[in-house]
Amino acid sequence: MYRNLILLLIGMLGVAACASTDTNLTTNTFETVDNATILLVEPDVELTFLKAAGVSEVRADWTDTGKENVLAEIARVVGDKGHRMIEYDVDPANERAVQIVKLHEVVGATIIKHRFLDMPLPTKKGQFDWSLGPGMADLAEETGADYALFLFARGEYASAGRQTLAIGLAVLGGGSVSNGGQAAWASLVDMATGDVVWFNVAYTGPGTDMREPEGAEYLVGAILKDIPL
């Protein structure tokens, strides 16, 4: 589900090294918490190698490096705002936490389809009032966190052959092919109410690279734009 959506987002890239974001804030009543504890729930980061034929291959080494850079940058940003971040890996035996992660996957995918992929829901017109429900209070009691931050990021990096193909088609006027890029979305959930209080999608061109600290900083700066912390 997420992989197909992220490929669609990467396909929306138009300008190399350009960041595009779309921040959404809850239309429900929401008050920020000072010196908050932010629970970063099982961040999902995956980097792939885009071959000349257009086939993507997951690279574990790139993924590990990219994830490490992204998480370090998120922790820095959260700390600079005066808050504390805790990485939270869900125990498969914790049925409630597993259900929350699965529910967020469904809600996140629905938000993206509704807000970005021209599949609007008439009942949500003019409203951003999504929620994961009261079950978040149980996780808040378990962890002592005020907010849950969910992150999903994908990076796709083209081979030399793929880059040559893209340039050649552009020169010959034969259309265009994906040359890779980075895309991510994140949501901030108020653990007291379960409301998704902020949601953002960001995508950057192939000129940025989260395998490098500077590229991770660029992507994180885009994805955490206007986060209400």
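The legends below describe close-up views of a helix crossing and of several salt bridges in a predicted model. Residues are numbered from 1 along each chain as its sequence is written, and side-chain values use heavy atoms, with hydrogens and water left out. Because the model is predicted, local features need pLDDT of at least 70 and side-chain atom pairs count only at pLDDT 80 or more, while totals for chains, interfaces and linings use all residues.

**View 1. Helix H2 crosses helix H6.** The axes of H2 (residues 60–80) and H6 (residues 213–223) come within 9 Å and cross at roughly 55°, which makes H2 oblique to H6. Helices here are DSSP runs of H or I with at least four residues, strands are runs of E with at least two, and both are numbered from the N terminus. The axes are lines fitted to C-alpha atoms, for helices over the stretch in contact, with angles running from 0 to 180 degrees between N-to-C directions; angles under 35 degrees count as roughly parallel, over 145 as roughly antiparallel, 65 to 115 as roughly perpendicular and the rest as oblique.

**View 2. The residues where H2 meets H6.** On H2, the contact (heavy atoms within 4.5 Å) is made by Asn69, Val70, Glu73, Ile74 and Val77, and on H6 by Pro213, Ala216, Glu217 and Val220. These residues divide into 6 nonpolar, 1 polar and 2 charged, where Ala, Val, Leu, Ile, Met, Phe, Trp, Tyr, Cys and Pro count as nonpolar, Asp, Glu, Lys and Arg as charged, and the others, Gly among them, as polar.

View 3. Glutamate 73 and arginine 76, which lie 3 residues apart in H2, about one turn of the helix, meet in a salt bridge of 2.6 Å, N to O. A salt bridge is a side-chain nitrogen of Lys or Arg within 4 Å of a carboxyl oxygen of Asp or Glu, and the whole structure has 7 of them. Glutamate 73 is buried, with a relative accessible area of 11%, whereas arginine 76, at 41%, is partly exposed; buried means under 20% relative accessible area, exposed over 50%, and partly exposed in between (1.4 Å probe, protein chains only).

View 4. Glutamate 46 in strand S2 (residues 37–50) and arginine 154 in strand S5 (residues 147–158) are 108 residues apart in the chain, yet their closest N and O atoms are 3.6 Å apart in a salt bridge. Arginine 154 is buried, with a relative accessible area of 8%, and Asp44, Glu46 and Arg154 are linked in a network of salt bridges.
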